[in-house]
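This briefing is meant for someone opening the structure for the first time.

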Amino acid sequence: MEWSAELSSGLLQAAPDAILVLDGMRIVLANDRAGQMYGWPSAELVGQSVDVLLTDGSRALVPERQELILSGRPGSIGTVVTSARRRDGTEFPVESSTAIVETPQGRFAVTVVRDVTDRLRAEEEKNRLRAEAHTHRSQRLESLGQLAGGIAHDFNNMLGVILNYANFVIEEAEAAEPDLAAIAADAKQVVRAGTRGTDLTHQLLAFARRDVVRPQPLDLNAVIGELEETLRASLGDQVTLLYRPGPDLPSVTWDPGQVEQMLTSLVANARDAMPNGGNLVIDTGSLGDRVRLRICDSGRGMPADVVDRAFDPFFTTKPKGEATGLGLATVYGIVTQAGGEVSLTSEPGLGTTVTVLLPAGEPVVPETAEEAPAATRGHGETVLVAEDEDALRDVAGRILSGAGYQVLTAECGATALEVAARHPGEIDLLLSDVVMPGMLGKELAERLTDVRPKTRVLYMSGYAQPVLASQGNLDPGVVLLEKPFSANDLLTAVRKRLDG
C-alpha cells in the first residue's frame, strides 16, 4: 500500500504527538515524532510489529483493543494511559488514543501517542505539595496546641500562686491580730508570680516580633556583670557559674532588656540540662569586626536530630504541656533582630554551647556622674487616662491621684474626646492605651492634639504594634509605657513626659 506524499509529509509530520498507522499489529506508517519518541528512525519502524514498542503492562491491553480494531465500528475506540518502550529498552508513560479508519486500501488503526512523563511528574509534584501542605497544617495545629498547653501550664502555675497567696493576705488581714510581716511576705510572693507572668508575656511578644525594642550602645561585659548574681541565683547551688569577660570589648547596639531575656532563657535551659549539677561558662570576646558571646554548659547534651530543630518555634523535648517551645526560638529572634547570628553545638554527654555573634560598635564612654533619681510627684497637672480595662483604669487613676495629679478617665477613645471637650481647663497629658475598641490610641492622640496642641501623649500597652516601626522600634516622637507597670514605672514615665 502506498500513501500520498502530501498526507505523509504534511499532516502527520506537523503533528506534535507520535502517530502510528497499524495494519493489524504491523506498523505501516510512522511520523518523525514517533521516531524521536521511541528512539527509532521513523523509516525503520515501518514494517515492524508494534510489539517492539510495548512493555509487559501495555502488552496486556493488546487482545481487547485488537478485537475492537478488527470488529468494531469506525471511529475512536478510546484513550488509555499505559507505558511504552524505547529502542534502548527504557520505559516511559504514554497516553494513547486509537481510532479505526476505513480506507480504500483497507481497515487501519490510527494511534496518537503522547509522552506524559512531564505531566505525571507535575501531578506527582502537585500531590507531594498537597501532602506537604497537609503535613505542615497538622504541624501548625500541633505547634499551636504545644504553645497553648505550655502557656496554660505556666500561667496556671502563676495564677495558682497568686490566688492562694492573695487569699493568705486576706485571711491574715482579717485576723484579730494581723501579722504585718506575714502579709508583706505573702504579698511579695504575689508580686513574684506576677513578674514571672510579665516575663512570659515579653517572651511571647519577642518571639512574635511585637515587643518594643530600644537598642542602644552597650558594654556587654558590664551588662552581664550586672546580671551575674541574678543568673547565679537562678542556677541554684549545684551549678557553678563561671563568667569570663573578654578584654577591650567593643560595644554592641542592643536592647539591654532583650540581653537579659536572652541570657535568662539560655541559663534556664542550661540548668535543666544539668539536673545533677555541673558548670556553666559565660565568656565574651572580640572576633574581628564582631563581638562574641558564648554560653557553654557541661550538661547531658543533645543528639543531632534535636540540634537540627533546636531553634524551631514550639519545638521542645519536655513533656507535652510543660513548655511552650519558645525559648530558643525567642533567642534566635532577639539575636537576628539585633543584626547578629546565633548557633548551637551539642553532643550527648558533652554539653551544649550557644554562640552569639553581633556587629561591633564604638567603645562605650563610661558615665562620669550618676543620674539623679527621677522625679515622680505631680504638681496638680491634669492627666486624661484612656483605658478600656476598668480595673487598670482605676489603678492608674488611683496611682496618679495619690501622687498629686488631677485625673480624668475614659473607657474608650470616643469618650475621651467627649471628656476633653467638656473639660474647661488644660489637659497636660493624655495617658492612652494603644489598642482600644472603636478607636486606637494613636487616632485618639492625633484628634486630641489637633484641638489641644499643648497636650503631651504617653502611650501604655502590652501590645504596641500599632505604634511600632517595622523593626520593632518606636515611631519617632512616640513614648511608650509597657504593661504591666508598677506605680513607680507609671509615675516616672508621666513625670518625664511632662518635663519633656
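The model is predicted.

- Thr455 sits in the loop that runs between α14 (441-451) and β16 (456-461).
- With a relative accessible area of 6%, Thr455 is buried, because the cut-off for buried is under 20%.
- Beyond its neighbours within four places in sequence, Thr455 has contacts that include Ile427, Asp428 and Leu429. Leu430, Leu448 and Thr449 are also among the residues in contact with Thr455.
- A polar atom of the Thr455 side chain lies 2.7 Å from the backbone oxygen of Ile427.
- Leu498 is 43 residues from Thr455 in sequence, and the two are 9.2 Å apart in space, C-alpha to C-alpha.

- Arg294 and Asp283 form a salt bridge through their side chains, at 3.2 Å from N to O. Arg294 belongs to strand β10 (residues 290-297) and Asp283 to strand β9 (residues 278-287), so this pair ties together parts that are 11 residues apart in sequence.
- Of these two partners, Arg294 is partly exposed at 29% relative accessibility, whereas Asp283 is buried at 9%.
- Glu341 and Arg290 make a salt bridge in which the closest N and O atoms are 3.4 Å apart. Glu341 is in strand β11 (residues 341-347) and Arg290 is in strand β10, so the pair ties together parts that are 51 residues apart in sequence.
- Glu341 is partly exposed, with a relative accessibility of 48%. Arg290 is partly exposed as well, with a relative accessible area of 28%.

- The side chains of Arg393 and Asp390 meet in a salt bridge at 2.8 Å, N to O.
- Both residues lie in helix α12 (residues 390-402), where Arg393 and Asp390 are 3 residues apart, about one turn of the helix.
- Arg393 counts as buried at 11% relative accessibility, while Asp390 is partly exposed at 46%.

Notes
Residues numbered from 1 in each chain as written. Predicted model: local features only at pLDDT ≥ 70, side-chain atom pairs only at ≥ 80, totals over all residues. Heavy atoms only, no water. Helix = DSSP H or I, 4+ residues; strand = E, 2+ residues; numbered from the N terminus. Buried < 20%, exposed > 50% of the residue type's maximum accessible area, 1.4 Å probe, protein only. Contact = heavy atoms within 4.5 Å. Polar contact = N/O pair within 3.5 Å; in protein donor to acceptor, adjacent residues only side chain to side chain. Salt bridge = Lys/Arg side-chain N within 4 Å of Asp/Glu carboxyl O.
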